[in-house]
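Welcome, and please take a moment to look over the structure below. The report that follows walks through it step by step.

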Amino acid sequence: MEERPFNDTSYEQFVKERKVMGSKCKNCGALSLPPRPICISCFGTKMEWVEFKGTGRLAAFSSIVVAPPYMVKEGFNRNNPYVVGVVELEEGAKTVARIIGFDAKKPELIKVGTPLKAEFLEKGEGPERRYLLAFKA
Amino acid sequence: MRRKGKLSRGVAVVGGGLTKLGLFKDRNCKDFFTEAFVEMVDSIDKGFDPKEIDAVYVGNYSNDFFVNQSHWGPIIADLLGHVPKPVTRTEAACASSALAFREGVLAIASGLYDIVLVGGFEQMSKRTTEEVAEGLAMAASPYEVAAGFTFPGVFATMATAYFAKYGVDREVLFNVTIKSHNNAPLNPKAQFPMSIRDFMNVRIEKCRKKGEPEPEWRDEKDFLRDPVVNPPVAWPMHLFDCCPISDGAACLLLVSEDIAKNFTDDPIYLAGMGQGSSYSFHAKKDLTTYEATRYAAKEAYEMSGLAPKDIQFSEVHDCFSIAEIVHIEDLGFFKPGEGWKGVADGLTKLDGSIPINTSGGLKTKGHPVGATGVAQLYEVWVQLRGKAGKRKVPKSNLRIGAAHNFGGTGGTCTFTILERR
């Protein structure tokens, strides 16, 4: 049995371990990703961990041309845009993530509904090291 | 008798002020608030002694970040000579001053105060565009920021969901931009008092002077399709889909209904107001609607006993073009999926059946985030008083107007209905 608290820290630890882990309400079965300590469907507080398959469909997206400073550091800019989106997972929950595998310079060719698969990204060095859930077309 | 959802006593707006909006690096928020306050005092028909103000509520999003100064309530109390009476600052991102208005109303309705000043201000010009974008993104959901979303990116994402659901494309957004820019030259306070046609003419003139080949746009839509003049920011949001960075301030004087006629023979009364909250993207059931707006509207309609068809004009929070389309559906002016069509058919133009953003909206008037909520209500007040000049809504018996304010990526929304009796 997984004993970690149902919070953002645990979620990020799981991403580092290359697992997409969310919470399931023991009372009503509602799924949440990232995990929640309180069920927003029935207000129950008894949760269990559930591993998502990591497959889903693109529900909505944008190709970001004017990037924030922390993405500029990664090399993104007006000539090198990147895609972000909302992913509807096979199990029903949604998540927001970086989307890779599309040509960000041709956003008009990206189709809502495209099947996606989870990818795990690592960025930064030393104490700045971060682990991110992304999805690939 | 069921009291929940009703105010214990009525509230009226009897005065208002709004700065010219724009970028004013050599001034600060005290200067902006002074400008709005002086206009407000002068606007009170029967005169008024500012010493009578019982309390002040001011909205400000992030001067803490934008100008490295927090605790703006007492700075304003000091400025106005309001000390030692109470001042409260409210923060809800771009809906900060709508909450100042709401707190002012609740304080009067409770019987605690009779005369309350509400306002808002922001100075965004002291930071670079990238820094402002970072400062605004602090009001998005932390999950969205971690994934690399920007503010325009969040609305761009909503736009793709809307396009996929209703089978439309980017072209429907052009109608919103063209409409707002047609209202802008009629508003002397607007940051960009120019129609799209004006922008085209300026560009053509520039090319002519430089001896460069003149662009050959067929019409305004053709101009907006041109990536040279309208480049992408976060596809499908382009430059002309996005509101500008602005400085400015606005304020309104609220009084209890029973004393309103001491200030003016033409008070504008609060008919209803509501406030709601929303989940961020990953927890939304439907990506093309905001539960915060729907909840705020339901509260305001119930309090007022009015329905969407009774609203004669409205300011809505058009931080991005797609937002205006979604809001006019959420507020009940159009059915879900039909907002874009209403705009295309001209129904939201100044002379349409439901004029939207007669001020030019955030897109052209400007969006000093903490000032916007009260600045929108200022426009409604000016229109209902018949003092909107060239942009006056051309309807006989103009009586009921509303304002919708939206904070962050939809986390806080308000809807407020004002009426002339």
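In chain B, take the contacts between residues at least 6 apart in sequence: 75% of them join residues at least 24 apart. Please keep in mind as you read that this is a predicted model.

**Chain B as a whole**

Chain B holds 15 helices and eleven strands. Its radius of gyration is 21 Å, close to the 22 Å that the globule rule gives for 421 residues, so chain B is as compact as a globular protein of that length. If you follow the C-alpha trace along its principal axes, chain B spans about 65 × 50 × 45 Å. As for burial, 57% of the 421 residues of chain B count as buried.

**A helix to look at: H4 of chain B**

Is H4(B) mostly covered or mostly open? Mostly covered: eleven of the 14 residues of H4(B) are buried. Among them are B:Leu99, B:Phe101, B:Val105 and B:Ile108, and the buried set also includes B:Arg102 and B:Gly104. Just after H4(B) comes B:Gly111, with a positive phi of about 95°.

**Where the two chains meet**

Now turn to the contact between the chains, which takes 25 residues from chain B and 24 residues from chain A. On the side of chain B that touches chain A, four elements each supply at least two residues: helices H5 (129-137), H6 (142-147) and H7 (151-166), and strand S5 (232-235). Which of the elements of chain B gives the most to this side? That is H7(B), with seven residues. By class, the chain B side divides into 16 nonpolar, six polar and three charged residues.

Strands also link the two chains. Strand S4 of chain A, residues 55-64, pairs with S5(B) in the antiparallel sense over two bridges. To find this spot, look for A:Ile64, which stands opposite B:Ala234 in S5(B).

**Inside chain A**

Chain A contains an open sheet of three strands in the order S2-S1-S3, with antiparallel pairing. Its edge strands are S2 (31-32) and S3 (47-51) of chain A, each pairing on one side only. Strand S1 of chain A, residues 21-25, is joined to S2(A) by two bridges, and the two run antiparallel. Here A:Lys24 stands opposite A:Leu31 in S2(A).

| Domain of chain A | Residues |
|---|---|
| domain 1 | 8-51 |
| domain 2 | 55-136 |

The C-alpha centres of domain 1 and domain 2 of chain A lie 22 Å apart. Their contact takes nine residues from domain 1 of chain A and ten residues from domain 2 of chain A. On the side of domain 1 that touches domain 2, helix H1 (8-16) and strand S2 of chain A each supply at least two residues. The largest share of that side comes from H1(A), with three residues. Sorted by class, the domain 1 side has four nonpolar, two polar and three charged residues.

Technical notes: Residues are numbered from 1 along each chain as its sequence is written. Chains are lettered from A and ligands numbered from 1 in the order in which they are written. This is a predicted model: local features need pLDDT of at least 70, side-chain atom pairs count only at pLDDT 80 or more; totals for chains, interfaces and linings use all residues. Two residues are in contact if their C-beta atoms, placed from the backbone, lie within 7 Å. Ala, Val, Leu, Ile, Met, Phe, Trp, Tyr, Cys and Pro count as nonpolar, Asp, Glu, Lys and Arg as charged, and the others, Gly among them, as polar. Two strands pair if DSSP finds at least two bridges between them. The radius of gyration is taken over C-alpha atoms; the globule rule is 2.2 Å times the number of residues to the power 0.38. A residue is buried if 20 or more other C-beta atoms lie within 10 Å of its own, exposed if 12 or fewer, and partly exposed in between; C-beta atoms are placed from the backbone. Domain bounds come from an automatic or database domain assignment.
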